[in-house]
Amino acid sequence: LGGACRVLAGMPAAGATALAGGVNFAVYSAEPPRALCLFTPEDLKADRVSEEVPLDPLMNRTGDVWHVFLEGELHGMLYGYRFDGTFAPHCGHYFDVSNVVVDPYAKAVISREEYGVPAHGNNSWPQMAGMIPLPYSTFDWEGDLPLRYPQKDLVIYEMHLRGFTKHDSSNVEHPGTFIGAVSKLDYLKELGVNCIELMPCHEFNELEYATSSSKMNFWGYSTINFFSPMTRYTSGGIKNCGRDGINEFKTFVRESHKRGIEVILDVVFNHTAEGNENGPILSFRGVDNTTYYMLAPKGEFYNYSGCGNTFNCNHPVVRQFIVDCLRYWVMEMHIDGFRFDLASIMTRGSSLWDPINVYGAPIEGDMITTGTPLVTPPLIDMISNDPILGGVKLIAEAWDAGGLYQVGQFPHWNVWSEWNGKYRDIVRQFIKGTDGFAGGFAECLCGSPQLYQAGGRKPWHSINFVCAHDGFTLADLVTYHNKYNLPNGEDNRDGENHNLSWNCGEEGEFARSSVKRLRKRQMRNFFVCLMVSQGVPIFYMGDEYGHTKGGNNNTYCHDSYVNYFRWEK
C-alpha cells in the first residue's frame, strides 16, 4: 500500500463495504486467512499480488468472521484472500496457501475480458479477484420502481442473454450483451411478453471445458460467484473494475421496466463451478469447503446436482449467504423474482445435520441424515418469510439429479410456484395423440388442481411450459422422434431419451409439404393450449418463430448459430 492506507481492525460485515474514509473487508471461515490480497488490474493480469495485508487472530477476528478496515483511497484496486489452513481433502479441507480465492460476497469478479478468449498463455482459469466498491453509486435509475404484477397476469419469456442478439441478423452494436438486448426489448413488448426469465447471468467460466475439449459452457449453469453479473455479457467487460458491467445490467432492468416487462433471474444455488475433488479452488472451496458443500464423512462430495458437488444450502452460514445474495439482487439490481434451478436440493438436510443447531432443540425420532428431504427446510422458511423477498416471484424447479421429484409437493408457504413438469408431459402426449390423456389434459387446462388445490395454492402457482432451454425446441418436438446429439461429443448418450415427441410422419426437416403443414398446425396447437391454460405460461426464445436445433436436445455446449435467435425470421 506504500503507506497510502492505514490498517485498522474493521468489523464483521460480510464482503467489501465502502465507508467514509476507507473500505471494510470481512469473510467467514472456520480457519484463519493469512492475508487480504490486493491487486492492481495490471498485476492481476500478470498473476502477481500487489500487496498483502496480514490478518491478526486477536485484532481482526469476531467469532468465525475475519475483518479488516483499510483507511485511504483504494479506487481501481481488486481483492481476494489467501488462506493458511490445512490441505486435507480426506477431511474435507482445501485450504491452499498458494491460492488467492475470490470472496463469496464480491460484487463483481474480474478475470478474462473477452468471451471465449483464453488469457495469456492460453489459460482458461487465470487468477480472479473481486471489485472493491465505491462509497457512492454511479447509476441513475431514473425513478425506476418494481412493477409488482400479480403473478396470474404474467407471460414469461425464457431468454439466453447472449443468444438473444449474438446472431448476425440482430444488427445491434454490441451483440450478445445486456446493452445489445436493450435495443430489442420493444420486440418483446410487441409480442405480448411482460416478464423475462434470464438464464444464468451470474459470473461463470464459458471456457471451463477448454482443457479437455472444444466445447463451451454456453448455458452458464456453473456459477463462480452469485453476486456478480457475468462480465463477458457486457459491452464494458472488466473496464472500471467491473462497475460499468454492473451499470449495464441495471440498464437492462431499468429499460425492461420502462416497457412494462419484469425481470426474473435463473439462479443456481444447487452447485458451483468448483466441481468435485478434481475441480479448481476458486472461492467457496478455498474459503471453507466443509461449510459450503455437502460432504460425506471422508470428504467426498455429494452429487445431488449431477455436476460434481452440492451446495450445502441448509447450513446456517450458507442459507444466510443465499438470503443476503437474493436481497442484493432485489434491492441493488431491482430484480423482480427468481427461478431456482434444481430447487429440491434446497430442501435437503445439510452436512452433519444437527436439529439442535437448526431448530434449537432435539426432534423426537429424528433420523435425518445428510441429504434427507426436509418437511420444513430452514432455507425455504427464511426466504418465504423474509420481509424483502416476500414480495418477489419465487419459482422452484421442483426436482434434482438425485431423484427427488417434488412437483405439487414443494414446501411452499403459499408463496412458491413451480415449473410444472407434469403439465409438459401430459400436454405433449395428448396433443400428439397418445390415448388415455384426455382427463389429464383437462386438468392441465384448469391449472392442475390435482397438484395444487389440496395444498391451498392457486392455478398461478403452476408455471406451465411445453418446451424450455433443455430438451427439444417446439419445432424439433414436431420434427424429430429421436435426438441427434453427436455434435456434443458424447456419442449421443447425453440428453433426454424420452422426449414424448412426434415427427408428424417423417423424420427430420426435409419432409413432404403435407407433413410440414401438420407440423405448423401442431405448433399452433401447443401455443394455444399454453395460452388458454389456467396458470402462468412460459416459453423459450425462438419458439415463437419455430427455431430448430437440428434435433439436438442438449445444446449446453454450443456457442453457435444453433443457440442464437434468428432475427430474419
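Biologist: Which domains does the domain assignment of the protein chain give?

Modeller: This is a predicted model, in which local features need pLDDT of at least 70 and side-chain atom pairs pLDDT 80 or more, whereas totals for chains, interfaces and linings use all residues. Residues are numbered from 1 along each chain as its sequence is written, and side-chain values use heavy atoms, without hydrogens and water. Domain bounds come from an automatic or database domain assignment. That assignment gives domain 1 (1-419) and domain 2 (421-568).

Biologist: How many residues does the contact take from domain 1 and from domain 2?

Modeller: The C-alpha centres of the two domains lie 31 Å apart. Contact means heavy atoms within 4.5 Å. On that basis, the contact takes 46 residues from domain 1 and 39 residues from domain 2.

Biologist: Is Gly 447 buried or exposed?

Modeller: Gly 447 is placed in the loop between α11 and α12 (449-452); helices here are DSSP runs (H or I, at least four residues), numbered from the N terminus. Not counting residues up to four places away in sequence, Gly 447 touches Tyr 452, Pro 459, Ser 462 and Gln 534. Buried means under 20% relative accessible area, exposed over 50% and partly exposed in between, with a 1.4 Å probe and protein chains only. Because its relative accessibility is 3%, Gly 447 counts as buried.

Terms used: Helix = DSSP H or I, 4+ residues; strand = E, 2+ residues; numbered from the N terminus.
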